Amino acid sequence: MVNLDIVLPSVLNGLTTGALYALVALGLTLIYGVLHIINFAHGALLMVGLYGVYGLNAFAGVDPYVALLIVPPAMFAIGYALQRGIIGKASHGRDENILLVTLGLSIVIENLALYFFRSDTRIVDTPYSFSTVEVLGAFLPLTKVIAFAGALLTAALMWLIMTRTDLGRAIRALAKERKGAALVGIDTDHIFAMSFGLGIACLGIAACLLMPSYYVSPQVGHGFVLIAFTIVVLGGMGSFTGALIGGLIIGVVEALGGLFLGESLGQIGIFLIFILVLIFRPTGLLGHRV
Amino acid sequence: MTRQANKGGLDRRAFLAAGGAALGAGITGFPAVLRAQTESVKIGLIHPVSGFIAFSGNQCREGALMAIADINARGGIQSLGGAQLEAVLGDSQGKPEVGAAEVAKMAEAGIHGIVAGYASSISLATSQEAAKTNTPHVVDVGVSDEITKRGLENTFRFSPGYGKIAEFAVANLDTINKNAGSPAKTAMIIHEESLFGTGTANLLNAQLPQIGIEVVDTIKHANPTRDFTNIVLQIKSNAPDLIIPANYYNEYVLLARTMRQQQVSAKGIYSVLGGAASNYQFVAEFPEAADMIMDCNHWFDPNSEVALQRKKAAEDKGLYYTYEVFLAYNAVAFLADAIERAGSLDKAAVNAALAESTWDDHGMPYGPTKIENGQNQGAQPVNTQVLDGVIEVIYPDQFASAEAVFPMTR
């Protein structure tokens with residue numbers, strides 16, 4: 001029998017965990033939701049970001065939060081180069097080719113990580129690793145509270161970029177009508193690469209905020225990708241607010257599912273929601289054309 | 001047998017050409033090639049080097065390869081004219097069916113013996129498949145007692161099963177608890193969901209009440225589990241005297257970190273086959289979270305020169321000397337010793353030599369091997385405790401390097 005006293009702490013913890021999921025999903029909702037690129041390399045690129053944070057900490061003593069100044073821009077550059085140099089060229093504009101190219105990329109990236117880092121689990125130890133914040137009687141890890149705030153800020157930032165900048169307008173134009181966008185003078189290859197770069201930069205932010213409370217190994221991305229796709233579908237493809245709300249819902253459902261159904265069955269609720277959304281609201285909670 | 005080999009695509013023409021060449025070779029024969037094959041002893045090493053338990057799988061592979069290198073450096077198999085051991089690598093990807101498929105491919109390719117497969121479920125599948133061709137199969141780590149209870153003549157395990165480990169863990173816990181005035185009366189078991197974790201938890205649930213410790217809750221979790229806060233909240237809610245984790249490395253690390261973070265106060269953390277509790281990496285990276293954790297697990301004899309030399313050799317290679325490394329090393333060496341005594345690569349002869357093994361050059365706290373129904377009867381775990389950043393052996397007394405500190409004082 002579950003003690004009801006732990007339901008509130010569990011919900012609060014679910015919200016902070018959900019914020020971490022949302023961070024991973026924000027990049028995906030841009031790449032998958034707006035550009036309709038099914039990026040199978042999303043998990044592998046998260047892993048690259050996590051190794052970046054780990055490497056900066058282990059070899060240069062850079063705090064994971066200070067790494068926010070380095071890793072997201074670097075990830076943006078990686079994303080831009082990947083789209084411009086490999087995915088765009090190899091896909092020849094066909095969606096099924098993109099799927100295979102990103103799948104191939106994920107295999108190459110994971111095996112490179114295995115080669116360079118072996119499969120050892122790596123962890124960053126910081127002075128605040130065990131710090132907690134008391135909220136309504138619950139001890140929430142400081143790192144997850146920061147990640148929660150980071151997810152809100154990142155979602156707001158992405159929303160601003162998409163709605164208030166020329167780049168955002170170009171991305172939305174491209175998502176709506178590729179040929180039309182090209183006809184009005186938008187450099188579609190560049191905007192595709194910028195969008196992919198932005199999505200991967202989101203993963204860089206996620207990596208910096210995730211690493212203080214998690215670990216990195218070559219397979220670490222697998223655990224997040226399926227959840228991220230679920231969040232994108234739940235929130236509505238291309239909706240950053242939807243990804244944030246979807247992440248938080250998934251986090252709470254997972255927490256409560258684990259509490260009442262047992263940890264092994266806790267994820268049933270997530271995929272039940274996924275199926276129900278697909279049946280009754282295929283556009284997602286906040287689904288709308290961007 | 002590697003994944004890379006499996007991914008290699010063949011078009012129809014290439015397939016026909018290769019098939020024709022193979023058929024031609026079969027008809028006309030290539031005696032030189034066949035002679036070359038018998039010059040080495042092919043040992044299949046099947047481990048989950050990718051997938052969710054890849055860390056452990058790679059550690060196993062490294063340990064097994066170290067054993068092969070050492071044996072070859074000493075002149076190979078003397079009774080076969082100094083035949084060198086040749087590693088044939090396979091990746092089970094953490095999936096029993098993939099492990100079994102690797103065995104089938106290796107058997108077709110003329111493998112002489114197999115060491116596999118780290119996880120219990122994989123070891124069950126690989127040994128079952130190897131039994132079809134009577135290929136000698138040594139289980140390196142898999143702890144399920146089912147592995148050696150099926151009466152397979154080709155299946156051997158050098159290390160202990162979880163029945164022995166649980167019995168040992170409970171008996172030693174009883175001693176530790178009584179020596180401290182019996183402060184522990186309740187326990188919670190946190191275990192991973194596969195055969196190893198579930199089987200161990202079932203045994204502990206049955207045996208702990210017999211020593212006066214009530215199991216107030218048992219929580220099973222998935223692999224991987226991304227967040228342990230929920231489980232730790234339940235631990236706090238139940239406030240058990242003892243917390244007993246039985247899971248793999250990554251999950252153990254997250255659980256221990258979360259318990260520390262949530263300021264869980266228990267009289268003791270007493271792992272049974274804890275994935276990280278007796279792991280140098282965990283202790284080095286998280287001395288605070290690891291402090292005072294006790295574990296009943298596979299461990300080498302700290303007084304054995306052989307063990308200490310191998311530990312140094314592993315560390316010189318940049319490896320943590322974890323149980324995966326020394327158990328896989330010894331599984332290969334155990335098989336090589338049998339091939340040496342058999343003086344033949346005949347599978348039945350090697351299986352017979354394994355069954356009669358009295359090998360003692362292993363550096364483990366086991367004594368000479370004594371095999372019954374494929375299981376080494378002398379194999380046993382030890383109890384360790386992390387004290388001041390060092391993994392100390394606390395039981396049995398003849399191998400102990402420190403005294404148990406219980407209840408925890410942190």
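This is a predicted model: local features need pLDDT of at least 70, side-chain atom pairs count only at pLDDT 80 or more; totals for chains, interfaces and linings use all residues.
**Chains A and B**

Chain A gives 27 residues to the contact and chain B gives 30. On chain A, three elements each supply at least two residues of the side that touches chain B: helix H1 (7–34), strand S2 (138–141) and helix H10 (240–261). H1(A) has the largest share of that side, with 4 residues. By class, the side of chain A that touches chain B has 9 nonpolar, 13 polar and 5 charged residues.

**The largest nonpolar core**

In soluble globular proteins, nonpolar side chains tend to be buried together. The largest nonpolar core here has 225 residues. The residues with the most contacts inside this core are A:Ala22, A:Leu23, A:Leu50, B:Val115 and B:Val332. Helix H8 (residues 188–210) of chain A contributes the largest share of the core, 16 residues. From chain B, domain 1 and domain 2 each provide at least three residues of this core.

What does B:Val115 touch, not counting residues up to four places away in sequence? Its partners are B:Ile43, B:Leu45, B:Ala64, B:Val138, B:Asp140, B:Ala328, B:Ala331, B:Val332 and B:Leu335. One of these partners, B:Val332, is itself listed among the residues with the most contacts inside the core.

**The domains of chain B**

The domain assignment of chain B gives domain 1 (3–160 + 304–376) and domain 2 (163–297 + 382–399). Taken over C-alpha atoms, the centres of these two domains of chain B are 31 Å apart. Their contact takes 16 residues from domain 1 of chain B and 19 residues from domain 2 of chain B. Helix H4 (54–73) and helix H6 (120–131) of chain B each supply at least two residues of the domain 1 side.

**Helices H5 and H6 of chain A**

Helix H5 (residues 142–164) and helix H6 (residues 166–176) of chain A have axes that come within 5 Å and cross at roughly 75°. H5(A) and H6(A) are therefore roughly perpendicular to each other. In this contact, A:Ile161, A:Met162, A:Thr163 and A:Arg164 of H5(A) meet A:Leu167, A:Gly168, A:Ile171 and A:Arg172 of H6(A).

**Residue classes in two contacts**

| Contact or side | Nonpolar | Polar | Charged |
|---|---|---|---|
| Side of domain 1 of chain B that touches domain 2 of chain B | 10 residues | 5 residues | 1 residue |

Notes:
Residues are numbered from 1 along each chain as its sequence is written. Chains are lettered from A and ligands numbered from 1 in the order in which they are written. Axes are lines fitted to C-alpha atoms, for helices over the stretch in contact, and angles run from 0 to 180 degrees between N-to-C directions. Angles under 35 degrees count as roughly parallel, over 145 as roughly antiparallel, 65 to 115 as roughly perpendicular and the rest as oblique. Two residues are in contact if their C-beta atoms, placed from the backbone, lie within 7 Å. Ala, Val, Leu, Ile, Met, Phe, Trp, Tyr, Cys and Pro count as nonpolar, Asp, Glu, Lys and Arg as charged, and the others, Gly among them, as polar. A nonpolar core is a set of buried Ala, Val, Leu, Ile, Met, Phe, Trp, Tyr and Cys residues joined through C-beta atoms within 7 Å. A residue is buried if 20 or more other C-beta atoms lie within 10 Å of its own, exposed if 12 or fewer, and partly exposed in between; C-beta atoms are placed from the backbone. Domain bounds come from an automatic or database domain assignment.
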